[in-house]
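Open your viewer and get ready to select residues by number. Each stop names something to pick and then tells you what is there.

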Amino acid sequence: MGSEITYGAGGPEIQVTVEASTDGGSTWIPLFGGGDIDGGEEQVIENLPSGSQIVLRFKGRHRWFWQKTYKSNDQTGHVEVLRDGNSPPDYQPYANQASLESFLQEVIDDNGKIDIGEYDVVLLGELGTLRTASSDFQDAVVLIEFRQKAGSCAGTDDPRFKIDFERLENFGTGNAARSVYVGPQQIRYTEGQWIPLKVNGVTVVDGGLVETVPGLAVERRNGAVRILLHGSHPSGGSKEIVDARITFDGALVQGADNDVGNDESESPFDGVVNDGPGGDEVTLGTIDALYQARVTILDDGIFINWLEGSTDSGSDDSGSDDDDDDDDDYDESDDSCSAQYVLNDGQLILAENAHVTFKILGSHARHGINGPEIKVRFSASLDGGDTWQTLYNFRDVDGGEQQSFTNVSSGSSIVLKAEGRYGWIFKKTSSSRDGSGRIRIFENGDNPPGTSVFTSITRLKRFMRNIMDKGKIKLDSRRVVALVELQDLNTSSDFSDAAVEIIMERPACGSITEETEESEEAEETE
């Protein structure tokens, strides 16, 4: 919208550039071609998924001796935010420069208020010293507008589906990522984000997909969802391994069909799964399907057929209420002490201030079958992985360990990191956000990892059985659980190297909840 800053009163112009991050500041892209801004520049960033964390970074530079950089979330006071209905600040322009008001004219209504979209913001940047005559906050004035793509948001009344990645590994030039790209527009959805099958009762038909995306490509058809993992790697050992669970809501799985030509999966219905290029497999449930794809020089695709409907059985013919206790599935959404959050890309983003507790439910990590114990230690980050705090004095965990953080601020991004070590022979470190799939966070009602050990609850360790019910993860609304597998990821991984319960409670409810039940002790090696 505008920019004016000089090196001293009446001095030479300072060059101002703007960069944007969509992941909270981990990566940056230059805006407006990376050039100096003056006003009128415009750029569109498309297909941002729900949960994207938008941050802007302003840089001012005059030759080699004056450089300043500030971010919209650095809390230094150098960037102010205006929303719809706000009154613009009355900063006086420095040294006869253009006023802030002149830059904001197009977004000020007749009452002198900011008039922009409900979700839009105006950022005001000040690169000079604060609280001085030069602090006029028009060094960079940027309007950020948000527009939702038609058909991109799934309502709760229409059928929808989501994709969760239960395993993802890359070899060589493999670049599979935990993202889903839908249709020819490559609308990006994050793992576990609902994708509409119908909008206002009308079936969404994409009319194609883009194969060359760093994740799963998806095309919605009438009564089918096409899912494709791009291969086309040069020969020489490059490979991508993806186990993806497709879960439907308001629709039932009606079967599956193989893709055709170079996109067909190799023998996906033979019941044989391995890590070779012929180890593809599809396993169908009533409302979900597990697609296991391994690609090298060709793509793998599959069609999952669906029909609108639900598994609800309607009225109970017996008229008995005896089984009602089994039907609430621990739905405690009305728990007034449960803090609101968003689970996105392996991190928990708080939507309000909260007390946060990390509790070890148990740990069973061995080097080899019934081998010596692997020591497992944990750290946590409250800022998306920029800084880390060791947990439990960075000691090996067994079960029952607990550590709390009080009054964690809204917007904090919680990430968990685990380190497993056995002498000098074995050492592995992974975080819930690194994309490896070694630390997976689950909510109440989620499907557990799709490995063989979870097909029978009796094969699980006791601390793992205690969070399972009817084949689903069982938790209340205050809790999520992180399951850890630091060793080789394969179809027999049990994710019992550690189970960490993360409890998020509203501060108004008092101190962190004291657990009334005794912590389960770690099981001894048989």
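A residue is called buried when its relative accessible area is under 20%, and exposed when that area is over 50%. Keep in mind throughout that this model is predicted.

**Stop 1: a buried pair.** Select Glu-219. Its relative accessible area is 5%, so Glu-219 is buried. Side chains of opposite charge can pair when their charged atoms come close.

**Stop 2: a link across the sequence.** Select Arg-478 and Glu-505. Their side chains meet in a salt bridge of 2.5 Å, N to O. Arg-478 sits in the loop between β31 (472–473) and β32 (479–484), while Glu-505 belongs to strand β33 (residues 498–505), so the pair ties together parts that are 27 residues apart in sequence. Arg-478 counts as buried at 17% relative accessibility. Glu-505 is buried at 3%.

Stop 3: Go to Asp-120 and Arg-147. Here the salt bridge spans 3.6 Å, N to O. Asp-120 lies in the loop between α1 (100–104) and β6, and Arg-147 in the loop between β7 and β8 (160–171), so this pair also joins parts 27 residues apart in sequence. Which state does Arg-147 have, buried or exposed? Arg-147 is exposed, with a relative accessible area of 59%. Asp-120 counts as buried, at 2% relative accessibility.

**Stop 4: an open sheet.** Stay with β6 and show its neighbours. Three strands form an open sheet in the order β5-β6-β7, with antiparallel pairing. The edge strands are β5 (79–82) and β7 (140–144), and each of them pairs on one side only. On average, neighbouring strands of this sheet are turned by 20° against each other, direction ignored. Zoom in on β5 and β6 (residues 121–125): they pair over 4 bridges. Leu-82 stands opposite Val-122 in β6. Strands of a sheet pair through backbone hydrogen bonds, either parallel or antiparallel.

**Stop 5: an enclosed strand.** Select β3 (residues 55–62). Of its 8 residues, 6 are buried, so β3 is largely enclosed by the rest of the structure. Strand β1 (residues 15–21) runs antiparallel to β3 and is joined to it by 7 bridges. Look for Thr-17 opposite Lys-59 in β3. Strand β4 (residues 66–71) also pairs with β3 in the antiparallel sense, over 6 bridges. There, Arg-61 has Gln-67 as its bridge partner. β3 and β4 form a hairpin with 3 residues between them, and Arg-63 in the turn has a positive phi of about 55°.

**Stop 6: another hairpin.** Select β9 (residues 179–182) and β10 (residues 187–190). They pair in the antiparallel sense over 4 bridges. Val-182 has Ile-187 in β10 as its bridge partner. The hairpin has 4 residues between its strands, and Gly-183 in the turn has a positive phi of about 75°.

Stop 7: Select Asp-280, in the loop between β17 (251–258) and β18 (281–284).

How values were computed
Residues are numbered from 1 along each chain as its sequence is written. This is a predicted model: local features need pLDDT of at least 70, side-chain atom pairs count only at pLDDT 80 or more; totals for chains, interfaces and linings use all residues. Side-chain values use heavy atoms; hydrogens and water are left out. Two strands pair if DSSP finds at least two bridges between them. Helices (H or I, at least four residues) and strands (E, at least two) are DSSP runs, numbered from the N terminus. Axes are lines fitted to C-alpha atoms, for helices over the stretch in contact, and angles run from 0 to 180 degrees between N-to-C directions. Buried means under 20% relative accessible area, exposed over 50%, partly exposed in between (1.4 Å probe, protein chains only). A salt bridge is a side-chain nitrogen of Lys or Arg within 4 Å of a carboxyl oxygen of Asp or Glu.
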